[in-house]
Amino acid sequence: MPMIDADGCLLNVSVEGRDGGPTLILSNSLGSTMQMWEPQMKALTQVFRVVRYDRRGHGKSGVPPGPYSLERFGRDVLAILDDLNIAKAHWCGLSMGGMVGQWLGANAPDRFGKIILANTTCYYPDPTRWNDRIKAVKEGGIAAVADAVLAGWLTADFRERQPQVAANMKAMMLTTPVEGYIACCEALSTLDQRELLPKIKSPTLIITGRHDMSTTIADGEFMRSRIPGASMTILDAAHISNVEQPHAFTDAVIGFLTQR
């Protein structure tokens, strides 16, 4: 796996799949690594050249001191594209990855073909939830919030049926460096990208989860109504829908990206 330098921060990047196929970049949620996409990889790598990466502050990437910003996360992606000599790619980002995708779609339109924004939002009207989480993590580490976050990631029914998957997701969250996690939370606490949405000209698919309490169907519908020509799919899942409904998520992604 290459380590790619983005303005002094080394980013852990993985490139797999079909040589000569269209490139698809996958972008993770807060508190996860590129491993969250494992349920999709077998199918996606048969069709696409798949690029995954750990966001700064996460996984095996560098943890420079904050503050971070959505622009910084977006420019990290452009550094990856430039380093790999990729002129244009499709995008699929979930949660925080979808927020980065909004910035890229509006600010680097020539670099992206189709864009998928999954389980995400463009705006948090009240920073209280993020400020409370930052305080809890500063005082008790990520373990202090892990169970509550996991309950939002996956429905109780899924966690009961698939305890090992849930345990693996929690373990992945707990590997996140505290400093990186807090810096990302701080960036999200002031999120407001509403004015970017009309500037996204790429064909766009919004994926939402019926049981997602943190980025709701209403959040998805708001984005769909303001991104020109966007469509929306609702999955029977909570926040990390690609893990809870792996087949339906993969089918939605491949169907959207391959339709003419």
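A: A search of the whole structure finds twelve salt bridges, a salt bridge being a side-chain nitrogen of Lys or Arg within 4 Å of a carboxyl oxygen of Asp or Glu. The structure is a predicted model, in which local features need pLDDT of at least 70 and side-chain atom pairs count only at pLDDT 80 or more, while totals for chains, interfaces and linings use all residues. Residues are numbered from 1 along each chain as its sequence is written, and side-chain values use heavy atoms, with hydrogens and water left out. Side chains of opposite charge can pair when their charged atoms come close.

One of these pairs is formed by Arg72 and Asp76, whose side chains meet at 2.9 Å, N to O. The two residues are four apart in helix H2 (residues 70-83), so about one helical turn separates them. Helices (H or I, at least four residues) and strands (E, at least two) are DSSP runs, numbered from the N terminus. Arg72 is buried, with a relative accessible area of 19%; buried means under 20% relative accessible area, exposed means over 50%, and partly exposed lies in between (1.4 Å probe, protein chains only). Asp76 is buried as well, at 2% relative accessibility.

The side chain of Asp76 also has a polar contact of 2.7 Å with the side chain of Arg56. Its atoms and those of the Arg72 side chain are likewise joined by a polar contact, of 2.9 Å. A polar contact is a pair of N or O atoms within 3.5 Å; within protein, one must be able to donate a hydrogen and the other to accept it, and residues adjacent in sequence count only if both atoms are side-chain atoms.

Helix H2 takes part in another pair through Asp82. Asp82 forms a salt bridge with Arg111, and their closest N and O atoms are 2.9 Å apart. Arg111 lies in the loop between H3 and strand S6 (112-118), so this pair ties together parts that are 29 residues apart in sequence. Asp82 counts as partly exposed, at 45% relative accessibility, whereas Arg111 is buried, with a relative accessible area of 16%.

A further salt bridge joins Arg224 and Glu221, with the closest N and O atoms 2.7 Å apart. These two residues are three apart in helix H9 (residues 217-226), so they too are separated by about one helical turn. Arg224 is partly exposed, with a relative accessible area of 28%, and Glu221 is partly exposed at 32% relative accessibility.

Glu244, found in helix H10 (residues 241-244), presents another case. Glu244 is buried yet has no salt bridge, the nearest side chain of opposite charge being Arg161, 5.1 Å away. The side chain of Glu244 does make a polar contact with the side chain of Thr155, at 2.5 Å.

About 260 Å³ of space lies in the largest pocket. Among its 18 lining residues, those closest to its centre are Arg129, Arg133, Val149, Trp153 and Ser214. A pocket is an open set of points on a 1 Å grid over the protein atoms alone, where a 1.4 Å probe fits and protein lies on both sides within 12 Å along at least five of seven lines; lining residues have an atom within 4 Å of a point. Helix H5 gives the most to the lining of the largest pocket, with five residues. That lining divides into eleven nonpolar, five polar and two charged residues. Here Ala, Val, Leu, Ile, Met, Phe, Trp, Tyr, Cys and Pro count as nonpolar, Asp, Glu, Lys and Arg as charged, and the others, Gly among them, as polar.

The second largest pocket holds about 160 Å³ of space, a volume being the space filled by probe spheres set on the grid points, which are joined across faces, edges and corners. Its lining includes Gln35, Glu38, Asn168 and Val243. Helix H7 gives the most to this lining, with four residues. The lining of the second largest pocket divides into seven nonpolar, two polar and one charged.

How values were computed. Lys and Arg count as positive and Asp and Glu as negative; His and the chain ends are not counted.
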